[in-house]
Amino acid sequence: MADNRAALAGDRLLAYAALAPSAFLLLLLAGVPTITVFVTAMQDVGMGDTDGPFIGFENFAWVFAEPAFYTALWNTFVWVFGSVALEMLLGLGLALLLNKSFAFRGAARAIVLAPYLVPTVVAVLTWRYMLHDIVGVVNAALMSIGITDQPLLWLNSQGLAMTSVIMVGVWKFFPFVVIAILGILQSIPQEQYEAAKIDGASDFQQFWRITLPYVMPVFLLTALLRTIWSFNKFEIIYLMTGGGPLDATTTLPILVYLKAFSDFEFGRAAAIAIVTLAILCVLLAIYFFFIKRAEARQ
Amino acid sequence: MARTRLYLSIGGSLVALLMSSTAWAQQQVVRFLHNETDPPSIEFFNNAIKAFEAENPDIHIEMEAVSTDGRLQKVLASINTKTMPEIFKVLPEERFEFARKGYLVPLDDMVDEIGRDDYVAGSLVPVEGKIYDVPYTLGNYGVLWQREDFLKAKGVSTPKTWDELLAGAEALTGEDGNFGFLFPAGKNRMTGIFLSQMIWGAGGTYFDKDLNVTFDNPGTVKALTFLRDIAKFSPRGIGSYSYGDMINVYLTGKIGLDIYAPRLIANAAANTPDLFKNTIADNMPVGPSGVAVKFVNANSFALSSETVGSKNVEAARKFLKFIVTGERLRDFSLTVHPHLIPPLKGVQEDVIKLGAAQTLGGREEISRIAFDTSNALDFESEAGAQFKDGAVIRSGVVNPYIGSIVARDIPAQVVQRVVLQGEDPAAAAAWGQQRMQAIVDDLKKK
């Protein structure tokens, strides 16, 4: 018995020793930057300063009193939920379609996945050019078929700018949803559909009773994952509009960037980043809750 | 015998390796960071570095060319880690802060060696009496580009005043899809530059000579009112336009009049020869102040000090002087003629003659208008400027606060409030005044 305990303790020690390098790396790569940002958020750091006077939670107080923060928070939610909702719907629809048998299905799958493979910077700059009011093909096409008689201001109207950004975001990332859902669709046993057909179930009933219950856990997890990723997405919005016109597309990551590299207020930028991290932690908690629930069901 | 030969060759290789590593160890490395990423500029710098290293075998130059955004991040990170490149491109808004914190090396002795009087007036900006950066090119944003064929077809002559500009823009805007005028109204620095030219032309300034914010002056309101009115004759998408759009949209052939930097004509000459032939240049129209005030700023290099990790300052000084003078300055200016204006008067004439012949089909008049940097201001020098008898009189005050205002795009946001949101110009100017005052108060506290 004592031998067993000693062996177990030895195993545990070995396990900790094996984990130590990874834990150290994780601490170095994730922990140190987070702590540094937190420390910066407690200081008044300006352009070219390595650090600044300690001011406690003053920067956080500034964040919660700053109207630009609430505008950015609202814009972030519009961007995240607008783009994720559309990505999920489009992704689910196309995954169902691509799961059917038809000619050139392989080619169709490759085409659908293409936007995900294009580098984001290339894709966004191309879209920016396409949506230009004078030289853009989108406006030229809309005007030539008579939908509008003058160019739409995709990127510089306060009403349309966020729509344009969401549109490009959906185009870029819906293939991820297709990949995730297509994977689970292909694992549904065909016998269940055959049995349902024999019992006289309609297509909709088959979808509702068989497909959806299988797909739902993955669908929800993908939606949560996309929500988290979209929350701190920076490059699409920055390259498309720079956060404008005025602050119509300024989301939290854009506000952090502008505070740091336009206003040179690194302390305040760090405080916004920490608040953003806190919001993301809540989303992560939801994500892990769903993961655990899905695991428990299995 | 063969073994002896093998030992000899191994020994020889080791000696060669030892010698080369000793030579490498003796070489002083100068790191050089800039954002001139045009292929001809890169080619120029590579050639200049090769020539310099041939003359100075004990110095090795390591060049790093990054994007404009990348430069700022690199500079800030390098300061934090005390690994600043010895030579770097410095922006006007960084000059005052960096010099005051001891991050830069004074360059007065180098400027005197080159010849202080040879520099174009206003291109050397002192901080507390010392020069910390040497200009290598000037940017002139105040050239009026016109479609000569459009003007002739509509019977419009070159506008000399704002009223004529407005009337000309209206006449050139038509059913054919053409627009009379082009200006930027995006949330960016270029919009701030354009608005500034208009404010100064209308007799206003952002600050007075005592560095009080005076943005909500009648000149600003006149400028904003003018922009609101002329926006009717500009493309509807100007609300996102920046530097690139001022050229790309002109190159579509749909624009009649455009006030912008000479890079426009360099691009037209290279890419749209017909448009180039039909484009003529002139000075900006005169504003209500009786002066056409151009925005002209210097692009400069600075030497970083040992405080932020610079190691070979003397070697860097030698290389810096090499690239900002003589044939190198001439050759760099010729890479995008007539956009790159050499700040040394002694080099300008050569560049005009060579550049016009090489790039502009001999149209020297375009180069001369592009190189005319008289009656000019920039953000740092505009405080308390006066506009009298058709000329700009500088106060001589260098403004340490305006960089923070421009970096926050407040002038551009004022334009957007008027042009995109339809806000009253006086109300938008008052909003700008309030924001600027808050920033200045904050900076003064520090």
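**Confidence along chain B**

In this predicted model, the elements of chain B range in mean pLDDT from 58 for helix H1 (residues 2–26) of chain B, the lowest, to 98 for helix H9 (residues 218–230) of chain B, the highest. Taken as a whole, chain B has an average pLDDT of 92. A score of at least 70 is reached by 94% of the residues of chain B.

For the complex, the predictor reports an ipTM of 0.71. The pTM is 0.83.

**Where chain B meets chain A**

Contacts between the chains involve 30 residues of chain B and 22 residues of chain A. On the side of chain B that touches chain A, at least two residues come from each of these helices of chain B: H3 (68–81), H4 (92–100), H17 (402–407) and H18 (410–419). H3(B) gives the largest share, five residues.

What classes of residue make up the side of chain B that touches chain A? Twelve are polar, nine are nonpolar and nine are charged.

**The two domains of chain A**

Chain A is divided into domain 1, covering residues 1–41, and domain 2, covering residues 58–297. The centres of domain 1 of chain A and domain 2 of chain A, taken over C-alpha atoms, are separated by 35 Å.

How many residues does each domain bring to the contact between them? Domain 1 of chain A provides four residues, and domain 2 of chain A provides eight residues. The side of domain 1 of chain A that touches domain 2 of chain A has three nonpolar residues and one polar residue, with no charged residues.

Technical notes
Residues are numbered from 1 along each chain as its sequence is written. Chains are lettered from A and ligands numbered from 1 in the order in which they are written. This is a predicted model: local features need pLDDT of at least 70, side-chain atom pairs count only at pLDDT 80 or more; totals for chains, interfaces and linings use all residues. pLDDT is the predictor's confidence in each residue, from 0 to 100. Helices (H or I, at least four residues) and strands (E, at least two) are DSSP runs, numbered from the N terminus. Two residues are in contact if their C-beta atoms, placed from the backbone, lie within 7 Å. Ala, Val, Leu, Ile, Met, Phe, Trp, Tyr, Cys and Pro count as nonpolar, Asp, Glu, Lys and Arg as charged, and the others, Gly among them, as polar. Domain bounds come from an automatic or database domain assignment.
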